[in-house]
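The sequence and structure come first, and the notes follow.

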Amino acid sequence: KEDQNLLLAAAYVSDAQYNRNVPFETSPRAIRLYYFYNHWTMQVAIYFFICIDLSLALFEEPALFPLPFLATSLAEVLCLTAFFGRLVHFAKVTPQMVFWKDTKNICIMVTIVLTLIDLIIYGSLKAVNIRSVRWSRALRPVFLINFPESRQIRRTFRSIRNTLPDILYVFLLFMFSVLIFSLMALKLFGDRGLKTVEGLPYFTNILDIVFELYVLVTTANSPDVMMPAYNFNWWYSLYFITYTIINTYIFMSVFLAVVYNNYRKHLKNEIRKLVYLKRHKMIEAFNILKVKVGSEYVVMEAQWRRLAKVVAPHISSPHLELLLRISDEGQKGHVDKVNFLRLPDLLNIQVVTINIKRHPLEDWMPRVYQSSASLLVQRMVRHRQVRWGQIFVWVYDVIILINAIFIALDEKNPFISYAEWLFLSLYVIEILLKLYTYEPRAYFGRKQFWNWFDMLIIIAALVATVANTTIQSARKYNSQQILDIVLILRILRLLRIIVSIQRFRVIVTTLINIGPTILTFGGLVLVVYYVFAVIGMEAFHGKVRFLDPNFTSPDALVCGNPALKDSAFARDRYCKNNFNDLASSFILLMELTVVNHLLLLAGGFALVTHQAAKLYFIGFHIVVVILIVNIFIAFILEAFFMAYSLEKSEVETAIEKKIQELGVGIQEEEMQDGKLIDNVDAKDSGFSGEDGDNKRKDLKGLYFRIASKKYRTVDALLQQMFESEIAPEEEGPSLDEILNFSPGDIYPKNPNFESSA
């Protein structure tokens, strides 16, 4: 029973660590199934089948790589079987009432049934040579969205759904403005007898006017749409200027403001739920393992160790000991409730264990390595400690900049060619000096990206230069392009200069912060693109065809469709912008996201089908550009605000404090940008100046630092911000109250000055 309780508590802690909100049965069998359900192999397997299911559109008609219908249908049935198996597995670990109330599970089951029905109908009609529509393909992203592993994508969709009511009122007002201006345009220009460049009537049809003015909001047809009226009378330009100011600048800015305000409000509400759910799970785990010592309930040290090893089986013994020292501050042999609740945060902060070893040269020739000249070289290379070291870094930064200038010059000049050998020699000297100063195995550690990058680039440049010189001397052929590529790669070293500038560092930090979360928006865009691509392939497949540009047949000149004769679409050779396969559809949708030629593209497909086809392109613009892109901008803004406003979390501070108290700390600044320092923090270890250099030979053992403590996700920053508002001893509301949180609950009912600010 003790082992079962430990597994149950570890499941709660693991859920709190990874922000999972899966209510599961607490029977021993259900707990084992739940561990298997969350195993990384199961998650990789389900994502594999999701990728296979989505990629089937590449092989189905209209296909980029055609496969028989039997092959694609069998692959889809296999994927559906995997999805159903995953759903059954989930049903085994959750209470039945919870499972059937979860709309995600209902969506997956309904989608599986609809897909099978569509497969049967499509296959039956295909057997008798009747072409039908594979409408269920547009439902495939449902699997990506609704499985528990896609929490981030669902959160983004919830933010969109919650934002829609407020956006709807702004959008209706915006469309009312477009309609008013359209009616004004019809009365102003409809009876003037004006013509467009193509010789068509200008602003005589109200539907065409609405579409033209809507596109004008994107500036895709500016100033073309204005020119007939402007050529007739320059006063008419005031109409278009007024329209642009009101609808392009004011309304689009209001859209961004509404989206940002609602996104931030609902995101904070989501984070608030996560914080309380995490605390709720940790309290459940504490109640399982607690014992009474004196007047308070605690978790014994041995039990805490076993729990941490179950939750993080790969944690090293020194790392585990460090976390225990933080949790059991007074070395009492037990962990109290407040410190126990911090366990998932402690496990989430990556602490790098560094095994510091003596340099081999210290053993081989200690007198030479510890001589005054040798120590001067070592101080110079350890640039963040002494003035000479800073000069060393600045000199090589200037060398990199000069080398970048030389790359841009004419390489046929003998002077430039000889200069490249000089630069290579200087880079080799830099590497040799660092290898002389730093222990080689530490210098080429797994986390030392820039060290590996420098070494590989220098070796590649050296080999390419030697090979190029040898080939040129043999006069067989010129392989200068090889050297060009390698030399251009050297410019990437400039990134180190950018990161070293304080004002640029926040920008770089934010870009790194949004790196993992960008996958969330990538998944969101993939879902929207996929649905619109499938709809576009069904609606416009074969309507526009790309033929060899050198082919002068009439079909080639009109993109395979006579309806495009004399159109701007065919005249500008846009034939490859079509929906004839999934890849072409994605490229076309990307062009529509840029909205540079929305009018031309929409007009072309309207000519080959019906004018109602323009609604497809307007709908895509509303969903992607107005909604999703604005949410992405809101996310970027939030990332910058968080990066500027928040410092280290309380847990990070506690870890750093304990590391320094134990005298096993290494300054992150000294580790930054791959410049590995192979001695402990001088201030905390009592080593400084020459005395520190003399005693370095005695340093051997394990040291710690927090890895990348400046690079955090926005979710983590928001969670940190809200956790600071919860008292450590506060247990929080009940589970039902947490799940029913609304954004309005965030703000106090009787605000004071501080809460309002």
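## Crossing of α12 and α13

Helix α12 passes helix α13 in a right-handed crossing; a crossing is left-handed if the near helix is turned anticlockwise from the far one by less than a right angle, and right-handed if clockwise. The model is predicted: local features need pLDDT of at least 70 and side-chain atom pairs count only at pLDDT 80 or more, while totals for chains, interfaces and linings use all residues. Residues are numbered from 1 along each chain as its sequence is written, and side-chain values use heavy atoms, with hydrogens and water left out. Helices (H or I, at least four residues) and strands (E, at least two) are DSSP runs, numbered from the N terminus.

The axes of α12 (residues 301-311) and α13 (residues 317-327) come within 11 Å and cross at roughly 130°. Axes here are lines fitted to C-alpha atoms, for helices over the stretch in contact, and angles run from 0 to 180 degrees between N-to-C directions. The two helices are therefore oblique to each other (under 35 degrees counts as roughly parallel, over 145 as roughly antiparallel, 65 to 115 as roughly perpendicular, and the rest as oblique). From α12, Glu301, Trp304, Arg305, Ala308 and Lys309 meet Leu320, Glu321, Leu323, Leu324 and Ser327 of α13, where contact means heavy atoms within 4.5 Å. By class, this contact has five nonpolar, one polar and four charged residues. Ala, Val, Leu, Ile, Met, Phe, Trp, Tyr, Cys and Pro count as nonpolar, Asp, Glu, Lys and Arg as charged, and the others, Gly among them, as polar.

## Packing of α9 on α29

Helix α9 (residues 206-217) packs with helix α29 (residues 598-608) at an angle of about 145°, and their axes are 10 Å apart. Phe211, Glu212 and Val215 of α9 make the contact with Leu598, Leu599 and Ala602 of α29. These residues divide into five nonpolar, no polar and one charged.

## Cysteines

One disulfide is found in a search of the whole structure, a disulfide being a pair of cysteine sulfur atoms within 2.5 Å. It joins Cys559 to Cys575, with an S to S distance of 1.9 Å. The link is left-handed, with -65° about the S-S bond. The pair links distant parts of the chain, 16 residues apart: Cys559 is in the loop between α26 (554-557) and α27 (568-571), and Cys575 in the loop between α27 and α28 (582-594).

Cys559 is buried, with a relative accessible area of 0%, and Cys575 is buried at 2%. Buried means under 20% relative accessible area, exposed over 50%, and partly exposed in between (1.4 Å probe, protein chains only). Cys79 counts as buried at 1%, whereas Cys107 is partly exposed at 34%.

## Backbone features

Most residues other than glycine have a negative phi, and most peptide bonds are trans. A cis peptide bond joins Glu61 and Pro62, with omega about -10°; Pro62 is in the loop between α3 (40-55) and α4 (69-93). The bond from Ser222 to Pro223 is also cis, with omega near 0°, and Pro223 lies in the loop between α9 and α10 (227-232).

Asn19 has a positive phi of about 55° although it is not a glycine. Asn19 is placed in the loop between α1 (2-17) and α2 (28-37) and is partly exposed at 23% relative accessibility. Asp566 has a positive phi near 65°. This residue is in the loop between α26 and α27 and is exposed at 65% relative accessibility.
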